[in-house]
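Dear colleague,

I am handing over the structure that I have been reading, and I would be glad if you kept it open beside this message.

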Amino acid sequence: MTSNRRGFLLSAATVGMAGAMPFGGTVRGQGKDKPEEEVGATEDLMREHGVLNRVLLVYQEGLRRLRGKEAVGPEIFHKTASLVRKFVEDYHEKLEENFLFPEFEKQKKLTDLVKVLREQHQAGRFVTDIVLRNATGERFGNAANRDELVRAVEAFIRMYRPHEAREDTVLFPAFRKIVTPQKLKDLGEQFEKEEDRLFGDEGFEKTVDQVAAIEKQLGIYDLAQFTPKH
């Protein structure tokens, strides 16, 4: 594994594609004197959406178990909501709010979309507060509190599926058109510094490991189980 997240991600992609796609540079480890290829700011944000998608799958499985009266403890929801608070809301969304949204507002581009995305970030934090409050042993054992948690998790899933899809397909591609390549590069470096500050080295990989641990606890880590039978 390379010493930083971007090198790791690109190394994995390069191995998986067997060199089929040419890159402007080479990955660290492929040649001592060759530069490492950097991943841009918007690509970083899209990869972080992958973490969010896995969080939504965990939430869905937790709800399924509650509805089916299967065993699921409050810690599943609490650990997941804590990860959402730390990685999604206090890091990923702050990057969007501090660096992407103002650029659109300054240039008067996609302002209606940005307004909704900002409002949804705030709504998501409110919902996470509800999950964290009710995902404790005593409160989770109360039917009314548990129902409140269920409604909050359902609302979170319903909002964030279209939210992240709209960012990936509309906002991020548009952002690449309204800023210079140099600004994109500088932002990518700034994002990495913020990640290191908040999470330490390989913060992204550590977060992915945390999600994977919850998936394993729920028995949904094995990707093959999601393949349709035929």
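A polar contact is a pair of N or O atoms within 3.5 Å, where within protein one must be able to donate a hydrogen and the other to accept it, and where residues adjacent in sequence count only if both atoms are side-chain atoms. This is a predicted model, in which local features need pLDDT of at least 70 and side-chain atom pairs count only at pLDDT 80 or more, while totals for chains, interfaces and linings use all residues. Residues are numbered from 1 along each chain as its sequence is written, and side-chain values use heavy atoms, with hydrogens and water left out.

The side chain of threonine 128 makes such a polar contact with the side chain of glutamate 89, at 2.6 Å. Threonine 128 sits in helix H4 (helices, H or I of at least four residues, and strands, E of at least two, are DSSP runs numbered from the N terminus). Threonine 128 counts as buried because its relative accessibility is 1%, where buried means under 20% relative accessible area, exposed over 50% and partly exposed in between, with a 1.4 Å probe and protein chains only.

Leaving aside neighbours within four places in sequence, valine 153 is in contact (heavy atoms within 4.5 Å) with Tyr59, Leu63, Phe77 and Val131.
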